[in-house]
Amino acid sequence: MITFDDLLEEAGEFGIYQKTVFFLICLATTTSSYLYVGVVLLTVTPDHWCRGPGVSELSKRCGWSLEEERNYTVPPDSANSSSYSRCERYDIEWNVTSLNCENPLSFLKNSSADLPRTTCKDGWVFEDGSFPSIVTEFGLVCADAWKVDLSHACLNLGFMIGTVLLGYGADIYGRKRIFLLSIFVTSVSGLGVAFASNYNWFIIFRIVQGLFSKGGWLSVYVLTTELVGLEYRRTVGILNQMCFSFGIIIFSAIAYLIPAWRNLQLTATIPNFCFLIYYWLIPESPRWLLSRKEKGKAMKVLQKMAKKNKHVFSRNVETVQIEDCDEELKSPSVSDLVKTPQLRKNTLILMYNWFTSSLVYLGLVIRLGIVGGNIYLNFFISGVVEIPAAIIIVLLIDRVGRRFPFVAGNLLAGACCLITAVISDGVVALIAGALVLLLPETKGITLPETIEEAENIGRKKKMIPRAVETSNNKQPASEKSFILESD
């Protein structure tokens, strides 16, 4: 019998066919990045203060600028007297005609000290030059500021649940179907976000986006790696991530040009509907088809692949017997990830690294945005930095192994966080980098396809001599056979 990898080698491991499919998938990856960075771009919070009753009329009568209006009518911050309060106002009416335009509080002996204060019952005024965001439109400041964090949490909750559900669905229904379903639902719910009439609808559509987006992206990521030969899997995986970083650069620039959140959401969502034509442009994974006893369909994909790559099979693929494809694989289960000790350890370490990587990345960018005052520029810079970093990993991974770039990246992220005084995130990243040292090295090793192979991956093999009994006597030592044994 032959293996699928043998047939793939004859069809072309990374020919024009796979490169075309890879390019199409990279386009979708580039646009998908908006969902991850948009969670910050949609919730920009400008400087603000309470809107007082009658202040607008008084400001017009006195000819005040917005800054003068704030300085004359907004109380100082109780925690810091050198700044103004963002969540309290004077509990007075400003439509009294006798007020002095140069100093409307001059009638008080102790200026503003004796004036009662109240909360922002009449809404807020946002600084000049600020653009609409969900914060300004839905009033997510002061007592409702926690709703901004809730919107982030709900999206990530959708990511967590959707990754499990759609990942499971990709093994049952196919990578291509789940990817297209993800594109359709994420795009439709993206339109819902753009036209959300209130905060509750915004949250609902964001949860739906989270449920279907990341799981669909992982499905097409797996499809990409299953279409290419062993030597090209790491390359397409890293280059695909580079496209994600390139998308961050693009959308940070677009957000700078189109800052109004509804227009930005529409601009990022509408192009995604074009990817539905991938139904006719990309194939289903032949590896998955073989696992579901769809040998005929899998062979058609391979034949089309060979034709586009201008390769010819040395045998009749219609009648060839493929190893491990005699019976349909059982349905996968999430419990398989923690079924054996080695696999359980690897799963938990990788989970820790993925959760912490998003924490460190978004936390660092947000804090730099607060310090630097330009969140768009910080996203742009982060995307620019990630691309050469990915290229370096591609060039070095064969020389230094798989673990070193992972460890170095986490240690560097931890160092950067420590330098910027983000101590908690820095420690988390440093721990993540250290834990990677416990993962098995996979350089030069064929990736496992069964739980048993995954449990033994990275374990060194040694040759143990074993005497073979004959009918008369034992063989001499020079003729001993050998067996492989795991450490």
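How many salt bridges does the structure hold, and where do the paired residues sit?

Modeller: This is a predicted model, and within it the structure holds eight salt bridges. As background, side chains of opposite charge can pair when their charged atoms come close.

One of these pairs is made by the side chains of R287 and D5, with a distance of 2.3 Å from N to O. Because R287 belongs to helix α12 (residues 286–291) and D5 to helix α1 (residues 4–11), this pair ties together parts that are 282 residues apart in sequence. Both R287 and D5 are buried.

Another salt bridge brings together the side chains of R86 and D47, at 3.5 Å from N to O. This pair links distant parts of the chain, with R86 in the loop between α4 (66–73) and β2 (88–90) and D47 in the loop between α2 (16–41) and β1 (48–50), 39 residues apart. R86 counts as partly exposed because its relative accessibility is 30%, and D47, at 32% relative accessibility, also counts as partly exposed.

A further salt bridge joins D122 to R89, whose closest N and O atoms are 3.2 Å apart. Here too the pair links distant parts of the chain, since D122 lies in the loop between β3 (117–119) and β4 (124–126) while R89 lies in strand β2, 33 residues away. D122 has a relative accessible area of 39% and is therefore partly exposed, whereas R89, with a relative accessible area of 9%, is buried.

Helix α8 covers residues 199–227, and its axis comes within 9 Å of the axis of helix α9 (residues 233–257), the two crossing at roughly 145 degrees. In this arrangement α8 passes α9 in a right-handed crossing. The residues that meet there are W217, Y221, T224 and T225 on the α8 side, and R233, V236, G237, N240 and Q241 on the α9 side.

Terms used:
Residues numbered from 1 in each chain as written. Predicted model: local features only at pLDDT ≥ 70, side-chain atom pairs only at ≥ 80, totals over all residues. Heavy atoms only, no water. Axes fitted to C-alpha atoms, helices over the stretch in contact; angles between N-to-C directions. Helix = DSSP H or I, 4+ residues; strand = E, 2+ residues; numbered from the N terminus. Left-handed = near helix turned anticlockwise from the far one by under 90°. Contact = heavy atoms within 4.5 Å. Salt bridge = Lys/Arg side-chain N within 4 Å of Asp/Glu carboxyl O. Buried < 20%, exposed > 50% of the residue type's maximum accessible area, 1.4 Å probe, protein only.
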